[in-house]
Amino acid sequence: QGMSYVVAMLLLQMGEADAYRSALTILTPGRWFPDGYNPAFPPGYLTAWDAEFAAKLPLLKTHLDSLGLTPEMYLVDWRLSLFTRFLPLDACVRVWDTWIL
């Protein structure tokens, strides 16, 4: 679902062999995805997201809630694509630099 975007981002930054090894590291169970690369969220993740979202962007959260949009509706794609589908390239690279490094 989101792997092609992840691999494309890696290929923009490195050669094929390194991108392959990096993709294996990111997508296998371990540091970034303790339960493997799947849409399920770790326990407490959605609660923490909801609290942080309400604290940082209360008007947007209220609006999304009034539309009946739950975090599961948009966070799954964000998580599976590691933000590559939804952020401009320069912003995504900054997120990856902060998160992965």
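1. The side chains of Arg85 and Asp77 meet in a salt bridge, with N to O at 3.9 Å; the term denotes a side-chain nitrogen of Lys or Arg within 4 Å of a carboxyl oxygen of Asp or Glu. Arg85 is partly exposed at 37% relative accessibility, and Asp77 is partly exposed at 29%. (Buried is under 20% relative accessible area, exposed over 50%, partly exposed in between, with a 1.4 Å probe and protein chains only.) Elsewhere, salt bridges with shared partners join Asp50, Lys61 and Asp65 into one network.

2. This is a predicted model, in which local features need pLDDT of at least 70 and side-chain atom pairs count only at pLDDT 80 or more, while totals for chains, interfaces and linings use all residues. Residues are numbered from 1 along each chain as its sequence is written, and side-chain values use heavy atoms, leaving out hydrogens and water.

3. The structure holds five salt bridges. One of them joins Lys61 and Asp50 at 3.1 Å, N to O. Lys61 is buried, with a relative accessible area of 10%, whereas Asp50 is partly exposed at 29%.

4. Glu52 forms a salt bridge with Lys56, the closest N and O atoms being 3.8 Å apart. Glu52 is partly exposed at 43%, and Lys56 is exposed at 59%.

5. Five aromatic pairs are found in the whole structure. Among them, Trp78 and Phe83 form a tilted pair, 6.2 Å centre to centre with 40 degrees between the planes. (Rings of Phe, Tyr and Trp, the last by its six-membered ring, pair if their centres lie within 6.5 Å; planes under 30 degrees apart count as stacked, over 60 as edge-to-face and the rest as tilted.) Trp49, Phe53, Tyr74, Trp78 and Phe83 form one aromatic cluster.
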